[in-house]
2 protein chains.
Amino acid sequence: MATIPENCRDLFAKKAFAHVATVGRDGTPQVTPVWVDYDGAHVRFNTARGRVKDKNLQRNTKVALSMQDPDNPYRYLQVRGRVVEMTEKGADDHIDALAKKYLGRRGACHRQDSSREDPEHGMSAPPRFRRPPPA
Amino acid sequence: MATIPENCRDLFAKKAFAHVATVGRDGTPQVTPVWVDYDGAHVRFNTARGRVKDKNLQRNTKVALSMQDPDNPYRYLQVRGRVVEMTEKGADDHIDALAKKYLGRRGACHRQDSSREDPEHGMSAPPRFRRPPPA
């Protein structure tokens with residue numbers, strides 16, 4: 001299993017958003033910024049059931065992301081892979097951890113916010129994905 | 001033809017990168033940060049011939065982007081559409097304009113830089129794309 005290169009992992013300790021791309025039924029890509037972390041094996045993010053990203057990933061697990069270093073936008077990480085798990089188990093704890101990382105506080109208020117401007121809120125279902133091994 | 005909403009156009013005056021997603025032959029998305037501008041009708045960006053983005057767009061013109069406001073990452077623009085033109089005509093002037101916007105200088109040195117960390121360099125071929133009309 002491919003993993004995130006060691007020299008890029010510091011990005012996950014920063015408040016760097018990942019722009020996650022999925023592909024729709026008709027082959028159209030969709031990309032939005034999300035909160036993200038890395039558990040040492042998988043990249044994890046939250047989305048809400050019923051969103052375009054969720055619907056796309058239910059049909060097609062292929063996914064990609066790009067993340068820029070907030071301290072140097074010309075340093076960025078690009079990942080392509082497949083979602084290996086979509087689950088609601090642990091999702092509340094996960095979004096709390098993400099809220100603490102990105103907002104410096106717990107995520108309760110964040111989850112209750114129904115603003116569409118907020119890239120991740122509402123019911124949470126963190127897909128995890130890994131990069132495929134090099135061809 | 002759909003256009004970029006007026007209340008989002010200020011993003012193109014800022015040094016906001018667009019994370020551009022394309023789709024490969026096997027249906028895998030790819031997404032990377034690029035310099036971008038808006039000519040009033042089309043979003044324009046440069047890429048180099050032979051890059052994954054270029055190869056993908058030669059086969060499949062469907063494209064998407066997300067752009068965060070550098071002053072507020074929770075304000076972002078999402079676009080889905082099709083590339084309507086890929087051309088090298090005017091590409092040097094275009095990358096010069098982008099270099100001035102993002103780096104505050106002309107792009108000559110930038111083009112000669114072969115660093116892979118730089119999201120856009122080398123031969124330039126600015127695809128232009130527009131959003132499809134609402135379904």
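Modeller: A residue is called buried when its relative accessible area is under 20%, exposed when it is over 50%, and partly exposed in between, using a 1.4 Å probe and protein chains only. Strands (E, at least two residues) and helices (H or I, at least four) are DSSP runs numbered from the N terminus. This is a predicted model, in which local features need pLDDT of at least 70 and side-chain atom pairs count only at pLDDT 80 or more, while totals for chains, interfaces and linings use all residues. Residues are numbered from 1 along each chain as its sequence is written, chains are lettered from A and ligands numbered from 1 in the order in which they are written, and side-chain values use heavy atoms, with hydrogens and water left out.

The part to look at is strand E1 of chain B, residues 18-23, and because six of its six residues are buried, E1(B) is largely enclosed by the rest of the structure. In a regular strand the side chains alternate between the two faces of the sheet. Here B:Ala18, B:Val20 and B:Thr22 point one way, B:His19, B:Ala21 and B:Val23 point the other way, and all are buried.

Two strands pair if DSSP finds at least two bridges between them. E1(B) pairs in the antiparallel sense with strand E2 (residues 29-34) of chain B over six bridges, and also with strand E5 (residues 62-69) of chain B, again antiparallel, over four bridges. Five residues lie between E1(B) and E2(B), which form a hairpin, and B:Gly27 in the turn has a positive phi of about 90 degrees.

Turning to the other chain, contact means heavy atoms within 4.5 Å, and on that rule 33 residues of chain B and 33 residues of chain A take part. Buried area is the accessible area (1.4 Å probe) that two parts lose on being put together, summed over both; between chain B and chain A it is about 2800 Å², with 61% given by carbon and sulfur atoms. B:Pro29, B:Val31 and B:Tyr74 supply 24% of the area that chain B buries against chain A, more than any other three residues. The elements giving two or more residues to the side of chain B that touches chain A are E1, E2, E5, strand E6 (72-86) and helix H2 (91-103) of chain B.
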